[in-house]
Amino acid sequence: MKSLQMNDRQKPTIIWGHYLVFRLKVKHVRGWLAIAIAFSIILALITNPAARADEIQDYAQQCDAAIGASATVRDFNCDDGTEVPGQGSVFANDARCDEPNRLNKECDPGSRFQVLTRTEDAYVVAHCRKQGHREGEYQDIAVIQYSRKNGATCFYQGFGKLPARVKAPSKGQSAWPWMSLSGVANIGCGGCHDNGPLIRSPYLNQVKGQNALPGSDDPSFNSNQPYAFVGRNFASWKAFKVEIAGNECNNCHRLGVNNIPVHTFPCSPNNHCGTALDFAERATSADERSEEDQRDAHNSPLIYPS
Ligand code: HEC
Ligand code: HEC
């Protein structure tokens, strides 16, 4: 065949080809360079939390924008909170005490509550449930940030063996194990906190002094104050005020119902959650475990008619 000749003839083409290959190689190198640059940017973003906000940081930013930068949730230490009285000394299924909490209906010694911000404009509170953990650790750390001006409310949550020293949500999930927003939405905070931001349970209402629960000494709290949820993950949450003509339960505060599913806590009765469907029932039922203590704490015969 004339292949040799062909090859000879194609020599320039081969050179041209070499050139092409060279060009290709340059391109290749450029490609790799681009990938390498992109990779190092991503690496920088991952390793430097300040460079890119995670979802908790985004949320904290939106919350601060709505509630006020001065009411940002700062670093805090659960151990600085006031120990909730009346919890007995053991954490056990069958434990009895003067004032079990109303969420888990359990005695939870070592649990602490604190007010991080209490101003004309905002409240920020933190509750640390101990649930048997040792010194310096808690099982359930929850924060509520609330604007008294426009009602904007944010919920932050941690679960598990958590260090008492909590890092601000604005520092993100790499600084402290804040639960994801989908996790928070799944718990459905507003499904129970539905007549206002703070549930003034007899358990928490015992706390006095600088960490007294906002609203604990205000009969008109949770009545006509604004209440709204911040953030895309909570956009579907709705809470409604129950209006029944002549119902005396609404004389001081409202009771709420809501469209927010609560997935991880059993509510009673019939797994209905919230202030009207659960807490109001419980507050007025005779079998509330420490009803007498509550009656004392409330000093309000209307809530617990005998
Ligand atoms: C099943 C009902 C329920 C759900 C769901 C719920 N809470 Fe609560 N929460 C309560 C009750 C009841 C109290 C009052 C304390 C007590 O007696 O346990 C409370 C108290 C609190 C407090 C202390 C201030 C206050 O309101 O008294 C914070 C902070 C808090 N919850 C945060 C959260 C966050 C954040 C979520 C969602 C991740 C959440 N809660 C979901 C029932 C609930
Ligand atoms: C005289 C005013 C007054 C009336 C009337 C009243 N409450 Fe309350 N309620 C309070 C106060 C004050 C608190 C805060 C806790 C406390 O002081 O014990 C509270 C707290 C509550 C809470 C916790 C949610 C929250 O807003 O913090 C529920 C649930 C509740 N009341 C149910 C009822 C029911 C049910 C009735 C009717 C049988 C009723 N209340 C009537 C004053 C009142």
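**Stop 1: around the ligand**

Select ligand 1: there are 27 residues around it, and Arg102, Leu103, Cys189, Cys192 and Ser201 come nearest (a residue is near a molecule if its C-beta atom, placed from the backbone, lies within 6 Å of it). Now colour strand 4 (122–129), strand 5 (137–147), strand 6 (152–163), helix 3 and helix 4 (202–205), the elements that each give two or more residues to this shell. Helices (H or I, at least four residues) and strands (E, at least two) are DSSP runs, numbered from the N terminus. Strand 5 supplies the largest share of the shell, 3 residues.

A word on what you're seeing: this is a predicted model, where local features need pLDDT of at least 70, side-chain atom pairs count only at pLDDT 80 or more, and totals for chains, interfaces and linings use all residues. Residues are numbered from 1 along each chain as its sequence is written, while chains are lettered from A and ligands numbered from 1 in the order in which they are written.

**Stop 2: Gln173**

Next, pick Gln173, in the loop between strand 7 (165–166) and helix 3 (181–187).

**Stop 3: Ala126**

Finally, click Ala126. Skipping neighbours within four places in sequence, Ala126 is in contact with Phe76, Gly81, Gln114, Leu116, Ile141 and Val143 (contact puts C-beta atoms, placed from the backbone, within 7 Å).

Methods:
Contact = placed C-beta atoms within 7 Å.
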